[in-house]
Amino acid sequence: MNVIKQVFGTNVRQFTMVFALVALLVGFHLASGGRMLTSSNVQNLISGNAYVLILAIGMVMVIVVGHIDLSVGSVAGFTGMSVALGIHQLGLPWWIAIVLGLLLGALIGAWHGLWLSKLGIPGFITTLAGMMIFRGLTIWISGSVSVPVPDQIHFLGSGYLPEWGPGFTGMNNSTLLLGILAIAVLAWSQISTHRSRVADGETGLDITPVIIRVVLIAAVIAYVTWLFGSGRPGTSFPVPGVILVLLVIVYHVLTQRTIFGRHIYAVGGNKAAAALSGVNVSRVYFLVMLNMSFLAALAGILFVGRATAAGPNDGNGWELDAIAAVFIGGAAVSGGIGTVAATMVGGLVMATLNSGLMLMGVGADKTQVIKGFVLLAAVAFDVYNKSQGRPSVIGRVFGTKGGGQQGTASTAVAEDDLRTEPTPKITAD
Amino acid sequence: MTTAPPILKMRDIVKVFPGVRALDGVTMTVNTGDIHAICGENGAGKSTLMKVLSGVYPHGDYEGQIIYRGEEVAFKDIKGSEKEGIVIIHQELALIPELSVAENIFLGNELVQRGLIDRRRSMREATDLLARVGLEVDPSTPVKNLGVGQQQLVEIAKALSKNVRLLILDEPTAALNEDDSANLLDLMRGLQGRGITSIMISHKLNEIAAVANAVTIIRDGRTMETYPVVAGQVDEDRIIRAMVGRSLDNRYPEHVSNPGEVALEVRDWVVEHPVVPGRLVCDHSNFVARRGEILGFAGLMGAGRTELARSLFGRSYGIHRSGTVLMHGQEVELTDVRSAIRNGLAYVPEDRKSLGLNLIDPIKATIVSAHLKGVERRGLVDERAERRIAEGYRKSLRIKAPSVDIGVGTLSGGNQQKVALAKWMFPDPDVLILDEPTRGIDVGAKYEIYKLIQDLADQGKAVIVISSELPELLGISDRIHTICEGRITGEVDAKTTDQETLMRLMTTTSGTAAA
């Protein structure tokens, strides 16, 4: 038991959601007669859900600052359609259309951000309006018909990495290279963290659990690499998956390791205290909303690529999938808590349910019901844990900034309640 | 003045919170038809006593006897006391801004006919009640459109609608301007004429002197004195002596300061209340703070101490009207919090939970949060440096926590305050403003905080301490400024002054100077 603790960190429960995901994958694999964990299925799972996961990256940041963005589906649909029309009707080169599409997304985000940061209109309202505006515009500019997109965009949306090099590896060598790189980077980071902790004079550190952890990580990545790389010739880890992984890395670092990331959590945790610590609260709001629509534009373009055409109803209901992923990932409705990594786990749980239930022959209607209950159960479990004074389980997967460990806060509260004199009411401007 | 039996007797009331006896045997008698004033320092137990009386703390939660109109009562909740005609009006008004005056008056006691609100009767009765408190507004006006003074009158009208016999007013004039205050005091006399007994908690001795028939002074949860007075002839010095008369023992570490050059100078600082137009929360304030000096600010709740501090700290409170700030002799524009921090100013708020800390943050993230640039390396937060710095403060300030990874919200008040201090020590400011630095923390932790404050002064920083506890200010400050109603009313040498002098300066209001 002690070894497990040392390998997975002091709180094994932090990994509950990851274990749940693994259990789901294995369970569906067995129940579907071995059709879940196959190359083609996981490839589809990733390229078919990359757009929702990309939306969820932006959404977790919006939710951490204490707002919500309902417009992401409409914005994704609108920018996807704009890109398709730009290429198809204006004859723009595909890459210029993409750049303009991403800029358009950022511009829409700035529009939402301005209403929130300058006028203080809650994100819920501004983006509800945006949801209608951009859905309407999508149908309007498309004339209610689908618009095809060229192969380059198709490549981004569901393409595969190139084949090269020797054949004896028995798999796609691009995927293999990515896998080896991932193992190297993660192993190096584990060991260097351990080294720096030793250098900082922490005592009682043992190298054994670190080595076990590295071996475990390597084994998992090796398996995943094999799974993605050994499909039928010409397939690999999908291109949208590569884009997603890059985004996750960038946004993980942005939220966990930069000053801006700290500011996001500060604003979400206690806006007034953040302002009195010198954080420009309205700037944080603005940038987070801008970023959300930028990512929505990217998601829209990838989706259009996968579908090979932009449709007027693309993006309907995506906001709800993204929000569900964030909350299954343990974010708090009140803000301040939630991480990109945990949100990805939440999104993958949803994606796995979709895929697994489909393999089992469960209809879309029942799948929807099951997903609803899973969302409720995951959040209820987390809230119950918090109310019991135990640390939030799923909010802290991997994350260092999902909040500190909350123990028994009651002692501190009781002490402060002693002062029964009313405080003069201070209205922060 | 009365021949009727007393309306209320409270005997040996004891109320214990974990670790502290907030009330330690309070005994008082309120005669029918009196205006009975309760005085005491902040934290003396006045509000706790009123919460015991009104059933906020239910029977069984406290010890002692409450005899109301000749019978022992045991209220289970506030409804129970209201049914008997005891109504409490809190300092922070409990009106709902979006509802109309009439709806607010009958909130919780709606006039109903066959399951529906009887609007006509509500309006009619509300009009009558408003006439009784002398408020001439349409009862259908939303409360948010009324001034604070008018809202206070609506509260009283609401109390009257409950057939109040004993009205408790907690700091009724704290948020009011002078005219509204005078108005309210008149109304209290009017209610007295109609046989309503009032208990009034107040810091303003001139108001007590004007209307009270009896005074009870509470200190440290005990009744110090309780005696009848004649309105208009109240011995304010006697009240002050009883309020503060605790001896100063060595609860304050020995310290000799070496004040140096002026670090902060504030000239002609004028700030208007953010909501109440025309009310100046800082009224032409001037002061200086020197390096290596501990400067105290004494004032009662609502006097404008916090408002002064926050308006200086990047204008984070109120509307700036005029005035300049000089740091190290140079005029600086502190138009937002970031510029204030950049210029070497730090402000540790009095309300740790809502303004000071993000309670879900771990200790390490909190400590570096006001100066993230200090742990930034190549665009990223250097987590090793963060941990090292946080560990350093945990050891040097003796923050009781198993590690710097745990949440600030799990710490006790004293340790939270140490984290808050560390957060503002890390940017290495020249001037630190500490607002009620020992509020809600135990005696042992207080001593450590005092040591810290003195260490900061010894490092050449100017430390400004705002406190409601006069012994504390006298114990640790070098100089003390007193504030009353937004004005700086005095400057005294802490070593040669006593609490009574301070209290006199703190309660000196325009026109009715107590001294």
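Predicted model: local features only at pLDDT ≥ 70, side-chain atom pairs only at ≥ 80, totals over all residues.
Okay, let's start with two helices in chain B: α8 (residues 236–244) and α17 (residues 499–506) pack with their axes 9 Å apart, at an angle of about 120 degrees. Axes here are lines fitted to C-alpha atoms, for helices over the stretch in contact, and angles run from 0 to 180 degrees between N-to-C directions. That angle makes α8(B) oblique to α17(B); the scheme is under 35 degrees for roughly parallel, over 145 for roughly antiparallel, 65 to 115 for roughly perpendicular, and oblique for the rest.

Residues are numbered from 1 along each chain as its sequence is written, while chains are lettered from A and ligands numbered from 1 in the order in which they are written.

Back to our pair. The crossing of α8(B) and α17(B) is right-handed, meaning that the near helix is turned clockwise from the far one by less than a right angle, with anticlockwise being left-handed. Who touches whom? On the α8(B) side we have B:Asp237, B:Ile240, B:Arg241, B:Met243 and B:Val244, and on the α17(B) side B:Gln499, B:Glu500, B:Met503 and B:Arg504. Contact here means C-beta atoms, placed from the backbone, within 7 Å. By class, that contact has four nonpolar, one polar and four charged residues. For the classes, Ala, Val, Leu, Ile, Met, Phe, Trp, Tyr, Cys and Pro are nonpolar, Asp, Glu, Lys and Arg are charged, and the others, Gly among them, are polar.

Now over to chain A. Its secondary structure comes to 17 helices and two strands. Of its 429 residues, 47% count as buried, and buried means 20 or more other C-beta atoms within 10 Å of the residue's own, with 12 or fewer for exposed and partly exposed in between, C-beta atoms being placed from the backbone. If you take the chain A contacts with a separation of 6 or more, 78% of them are between residues 24 or more positions apart.

Let me zoom in on α11(A), residues 259–269. How many of its 11 residues are buried? Nine, so this helix is mostly covered. Among the buried ones are A:His263, A:Ile264, A:Tyr265 and A:Val267. And what covers them? The list includes α3, α10, α12 and α13 of chain A, together with α12 and β20 of chain B.

One of those, α13(A), is worth a look. The axes of α11(A) and α13(A) come within 10 Å and cross at roughly 110 degrees, which makes the two roughly perpendicular. A:His263, A:Ile264 and A:Val267 of α11(A) meet A:Val281, A:Val284 and A:Val288 of α13(A). That set divides into five nonpolar, one polar and no charged.

Another helix on that covering list is α10(A). Its axis and that of α15(A), residues 340–359, come within 9 Å and cross at roughly 140 degrees. Therefore α10(A) and α15(A) are oblique to each other. From α10(A) come A:Val248, A:Tyr251, A:His252 and A:Thr255, and from α15(A) come A:Val340, A:Ala341 and A:Met344. By class, that's five nonpolar, two polar and no charged residues.

Next up, the core. A nonpolar core is a set of buried Ala, Val, Leu, Ile, Met, Phe, Trp, Tyr and Cys residues joined through C-beta atoms within 7 Å. The largest one here has 255 residues, and the members touching the most others are A:Ile54, A:Leu55, A:Met59, B:Ile453 and B:Ile464. The largest share of this core, 18 residues, comes from α13(A), residues 281–307. Take A:Ile54: leaving out residues up to four places away in sequence, A:Ile54 touches A:Leu244, A:Leu247, A:Leu295, A:Leu298 and A:Ala299.

B:Asp12 sits in strand β1, residues 8–17, and has a phi near 50 degrees, a positive value in a residue other than glycine. With 13 other C-beta atoms within 10 Å, B:Asp12 is partly exposed. B:Asp220 also has a positive phi, about 50 degrees, without being a glycine. B:Asp220 is found in the loop between β11 and β12, and counts as partly exposed with 15 C-beta neighbours inside 10 Å.

Definitions and conventions. Helix = DSSP H or I, 4+ residues; strand = E, 2+ residues; numbered from the N terminus. Contact = placed C-beta atoms within 7 Å.
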